[in-house]
Amino acid sequence: TCWNCKTAKMNEWIGKYGDDFWAKDFNQFREEVDMDENTIGCANCHDPANMELRLYSVPLQDYLKAEGKDFKTLPRNEQRALVCGQCHVEYYFQDKGFGPAKKPVFPWAEGKDPEQIYAYYKTHGDTKTPGFEGNFVDWVHPVSQTPMLKAQHPEYETWHNGVHGAAGVSCADCHMSYTRLDGKKKMSNHHWTSPLKDPDMKACRQCHTDKSPDYLRQRVIYTQDKVWEQLMVAQDISVKAHEAIRMANEFQGEKPADYDQLMIDAREMCRKGQFFWDLISAENSVGFH
């Protein structure tokens with residue numbers, strides 16, 4: 001269910017329905033909650049009792065448990081990133097043979113880079129498609145009949161594998177940069193936004209003190225423009241690949257002995273290539289993370 005990232009109310013529903021909650025009709029709960037009053041709010045990231053950072057996301061809790069990690073004992077900066085990683089991530093709704101049907105799962109058991117996520121999906125599904133048995137499949141492409149994956153919005157993963165993640169800069173440092181109350185007490189600004197919307201680029205200049213706002217802004221735009229150009233190139237290649245597979249599949253002439261395996265290999269390359277493209281296309285920094 002998509003409710004995992006729509007309201008903190010979901011924990012109440014899990015308590016009421018247990019794991020049956022995940023496969024319930026999304027629209028059922030529209031009638032049970034006023035979204036003007038129960039949308040994303042303080043309780044999604046903070047414990048209402050003391051306002052300490054906390055996780056409400058079940059799939060992220062499951063991942064940390066599998067890794068033998070306790071959120072409460074993690075470094076503060078890691079906690080600040082993980083509360084964003086509750087929702088700004090790649091995920092999938094698992095097939096019932098692997099646990100509660102439609103429960104959201106973060107595919108990080110092998111790691112968080114694209115190759116590792118792709119490898120994970122090869123063993124966590126129930127498809128019977130020849131050559132792809134046991135793969136997880138989101139949808140089947142109508143042109144090439146390729147069993148496909150659909151990336152969501154993997155901001156956490158791209159940040160984790162990027163230069164800012166490696167430098168220990170958290171999501172909040174850039175998107176909720178510190179402000180001072182009464183000129184003294186420091187707190188994170190809870191107006192979540194892009195640093196580019198600030199003419200002075202204050203979030204970036206917390207670290208890049210030797211750079212001007214204009215230089216920093218142009219550096220971001222330069223990176224995003226280059227990534228966008230390459231996305232368009234890759235997108236065009238992907239479209240042509242699906243069409244080539246369709247034509248090969250419909251070919252009625254003499255075929256090589258390993259034709260079926262060649263078709264499987266072609267669909268595998270198309271599936272993987274489009275998933276890697278989609279990880280960047282669906283991510284919200286246009287490559288900057």
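This is a predicted model: local features need pLDDT of at least 70, side-chain atom pairs count only at pLDDT 80 or more; totals for chains, interfaces and linings use all residues.
I started with the secondary structure: the protein chain has ten helices and six strands (DSSP runs numbered from the N terminus, H or I of at least four residues for helices, E of at least two for strands). Residues are numbered from 1 along each chain as its sequence is written, and side-chain values use heavy atoms, with hydrogens and water left out.

Next, the overall picture. The C-alpha trace spans about 80 × 50 × 35 Å along its principal axes. Of the 289 residues, 37% are buried (under 20% relative accessible area; exposed is over 50%, partly exposed in between, with a 1.4 Å probe and protein chains only).

Then I went for the cysteines. I found one disulfide (a pair of cysteine sulfur atoms within 2.5 Å). It joins cysteine 5 to cysteine 87, S to S 2.5 Å. Cysteine 5 sits in the segment before helix H1 (10-17) and cysteine 87 in the loop between helix H3 (76-82) and strand S1 (92-93), so the link ties together parts 82 residues apart in sequence. The link is left-handed, with -105° about the S-S bond. Cysteine 5 is partly exposed at 23%, while cysteine 87 is buried at 17%.

Last, I checked serine 188, in strand S6 (residues 185-188). Serine 188 is buried at 15%.
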